[in-house]
Amino acid sequence: IRLAASAAMKKQDPVLTIEPMLDALNKPEVFLASRVYEVLKALGPKLVPIILKKIEVADGPGQIVMIQLLGSFGDESIVPALGRMALEGEYGIRKVAVEALTQIGGQDIWPILKQLILDPNWQIRLLVVEAISRHQLVQSYDLLKQAVKTEDDHLVRDMMQDLLSSLDGKQSTTTSSWARIR
């Protein structure tokens, strides 16, 4: 019955079926959730206000999928909402929120990443370093220099050092010599 319902929903105007699809994300049936995810992802950023309402009442797995959807849209207007999720709550939600912020990018993610660079969880710190690296956030240089001194996880510390080396070239100003030819 559920497969038939899924097929019938596929033929409907997706805007008419958003509410049932978002509700379906809370169901444990992986096949149905993955099909719904693809349809919702194709609808794009116009779903942001609806998802932001639904995410508040969804269970953990549903919230995770909704955060992944928000990240896939690339809509920078949701950075503050994702930032709150990345800074609060349980690990799974925070992790997916940082991943979504990384997908979105832009300069607005830096204030959030700056708060998370010293997160107690090494996986979150690792994701932060990856986000800084991916978006080449040069303004992170000084904070990374401080954070690498206290980083106790070898992998995160190595990534911070590699990133500092990469950013070091971007920090320094290039000088060029010139001469007047007569």
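Colleague: Which residues line the largest pocket?
Modeller: Heads-up: this is a predicted model, where local features need pLDDT of at least 70 and side-chain atom pairs count only at pLDDT 80 or more, while totals for chains, interfaces and linings use all residues. Residues are numbered from 1 along each chain as its sequence is written, and side-chain values use heavy atoms, with hydrogens and water left out. A pocket is an open set of points on a 1 Å grid over the protein atoms alone, where a 1.4 Å probe fits, with protein on both sides within 12 Å along at least five of seven lines; lining residues have an atom within 4 Å of a point. Here the lining is Leu-52, Ile-55, Glu-56, Gln-63, Ile-67, Ala-81, Arg-84, Met-85, Glu-88, Gly-89, Glu-90 and Ile-93.

Colleague: Which helix gives the most to that lining?
Modeller: Helices are DSSP runs (H or I, at least four residues), numbered from the N terminus. Both α5 (60-73) and α6 supply at least two residues of the lining. The one that gives the most, with 3 residues, is α6.

Colleague: Is Tyr-37 buried or exposed?
Modeller: Tyr-37 sits in helix α3, residues 30-43. Buried means under 20% relative accessible area, and exposed over 50% (1.4 Å probe, protein chains only). Tyr-37 has 17% relative accessibility, so it counts as buried.

Colleague: How far apart in space are Tyr-37 and Gln-68?
Modeller: In sequence, Tyr-37 and Gln-68 are 31 residues apart. C-alpha to C-alpha, the distance in space is 9.3 Å.
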